[in-house]
Amino acid sequence: MEWFERTKPYEADLIADLNQIVKIPSILDPNTQSDRTPFGVDMARALAKMEELAARDGFRYGRVDNMVTWIEYGPADAAETVAILTHIDIVPAGEGWLRDPFKPEILDGLYFGRGAADMKADLMSAYYAMKYLADHEITLTRKIRLIIGTDEENGWRDLPRYFEVEGEPTMGFSPDGAFPVVNGEKAFQTVQLRFANQTTGDYVLRRFIAGSRPNVVPGEARARVSVPNPVQVQNEFATYLAQYPFLSGQSEVRDQEVRLLLKGVQAHGAYPQDGENAGTYLANFLRRFAFNADAKTFLDFIGRVVHDDIGAENLGLRYHDDVMGDLTLNVGVMRFSQNGQGTILLNFRYPQGVNVQAVTTQVQRHLGDFAATVEVWPGGMEPHLVPETDELVGTLSLVYAKQTGMYMNPRTSNGGSYARLLKRGVAFGGQFPDVPVTSHQANESTPVANLTRSMAIFAESLLKLAK
């Protein structure tokens with residue numbers, strides 16, 4: 001019997017368990033952080049739910065510092081471990097949803113909900129792959145550990161602590177990427193610009209807000225401006241939006257102040273070409289007016305220097321590596337508040353051959369009149385590459401080829417998965433090549449058929465790696 005036929009009967013139960021996880025808004029919540037809930041109450045609820053499932057299904061499980069839950073199958077005393085590296089945290093829902101992001105629904109063969117693509121569905125497919133092996137009492141030589149983190153979308157403070165306590169697994173994969181095998185991951189680094197917000201004169205930028213995370217392309221941006229002729233700004237804004245059919249927005253006048261809302265297309269910051277950055281477009285519109293002082297340089301930097309420039313060519317950082325591909329840039333967060341402190345977060349993904357010092361140096365060189373300080377955010381990662389000759393890469397590649405009927409060479413990704421924390425770690429699934437990427441976007445979804453399709457690939461892969 002083919003593997004997909006073996007896993008298909010699990011679909012209803014898999015979806016029922018996935019629903020329970022998607023309903024929990026496991027987003028970093030500083031307001032409910034404590035020693036028992038280091039990333040917030042909802043994150044702790046999500047881990048507890050996975051532990052509840054593990055207890056139901058007879059798995060060994062445990063928790064490390066309330067940050068990571070592990071679930072295990074195979075000989076407890078095995079000398080070697082095959083890890084499945086996952087995370088249960090998600091990015092905020094954002095705007096533009098046609099349905100409640102935390103009330104999962106199936107429509108036209110698609111499963112909708114925040115985390116459907118990144119990565120609660122793939123977490124559940126991996127869990128059910130392990131459950132399949134347990135249900136059939138398959139004997140293994142290596143043990144398998146499903147490791148569930150809670151800080152992947154923010155500071156990566158979870159799995160490094162897990163490795164300190166539990167040690168590094170022998171090898172593993174993270175279903176937080178794409179098929180086929182992703183044996184290389186570019187570096188990712190966020191650079192923060194801090195600056196004063198002085199603005200005077202006839203045109204005053206009172207407030208500008210876009211983005212919530214450096215690794216998300218902002219889908220919405222707002223600004224409040226005081227201007228001599230509000231109607232003129234309104235009219236020009238309407239004309240500007242008409243030039244770009246993928247943008248929408250609205251304006252409102254209150255006395256001499258205009259309030260602007262611009263909507264672009266939210267996307268994962270690892271693939272900025274999939275989105276339309278609302279923040280840089282709004283700045284691009286506003287820079288035509290006679291703002292001065294810090295407002296002028298702020299609008300010029302994000303509305304001209306880094307606007308629509310995902311290759312960072314205007315920063316002198318365009319770079320291509322034959323193995324790992326191109327450097328990319330996402331302008332993830334933009335903040336300006338009159339007479340306050342301003343912030344811009346630039347998220348870079350770059351291949352081998354580039355380093356963080358080169359990135360910060362080039363950003364500093366291209367600030368022009370922008371009196372900003374350049375700081376490197378903690379938590380960045382250098383490029384990661386596992387040789388194609390490694391047993392891990394070869395085994396996963398062959399399983400994928402066998403089950404799909406198509407061999408595809410291992411490749412490099414812009415995304416950053418927990419696989420890079422292992423010397424022998426790769427990303428593997430659950431994004432199929434023929435499925436649009438919806439991670440971090442409004443109306444995030446995944447095909448229902450791919451839940452057990454991924455489960456089948458993971459189950460055979462785990463069997464071959466751990467047998």
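**Salt-bridge exercises**

Glu-313 has a relative accessibility of 48% and is therefore classed as partly exposed (buried is under 20% relative accessible area, exposed over 50%, partly exposed in between, with a 1.4 Å probe and protein chains only). The model is predicted: local features need pLDDT of at least 70, side-chain atom pairs count only at pLDDT 80 or more, and totals for chains, interfaces and linings use all residues. Residues are numbered from 1 along each chain as its sequence is written, and side-chain values use heavy atoms, without hydrogens and water.

**Exercise 1.** Determine which residue forms a salt bridge with Glu-313.

*Solution.* The criterion is a side-chain nitrogen of Lys or Arg within 4 Å of a carboxyl oxygen of Asp or Glu. The search of the whole structure finds 34 salt bridges.

**Exercise 2.** Locate the salt bridge of Arg-45 and Asp-42 and classify the accessibility of Arg-45.

*Solution.* First, the N to O distance is 2.7 Å. Next, both residues belong to helix H3 (residues 41–56), three residues apart, about one turn of the helix; helices are DSSP runs (H or I, at least four residues) and strands likewise (E, at least two), numbered from the N terminus. Finally, Arg-45 has 41% relative accessibility, so Arg-45 is partly exposed; Asp-42, at 23%, is partly exposed.

**Exercise 3.** Are Arg-420 and Glu-185 buried or exposed, and where do they lie?

*Solution.* Their side chains form a salt bridge at 3.2 Å, N to O. This pair links distant parts of the chain, 235 residues apart: Arg-420 lies in the loop between strand S23 (411–413) and strand S24 (425–428), and Glu-185 in strand S9 (residues 181–185). Both Arg-420 and Glu-185 are buried.
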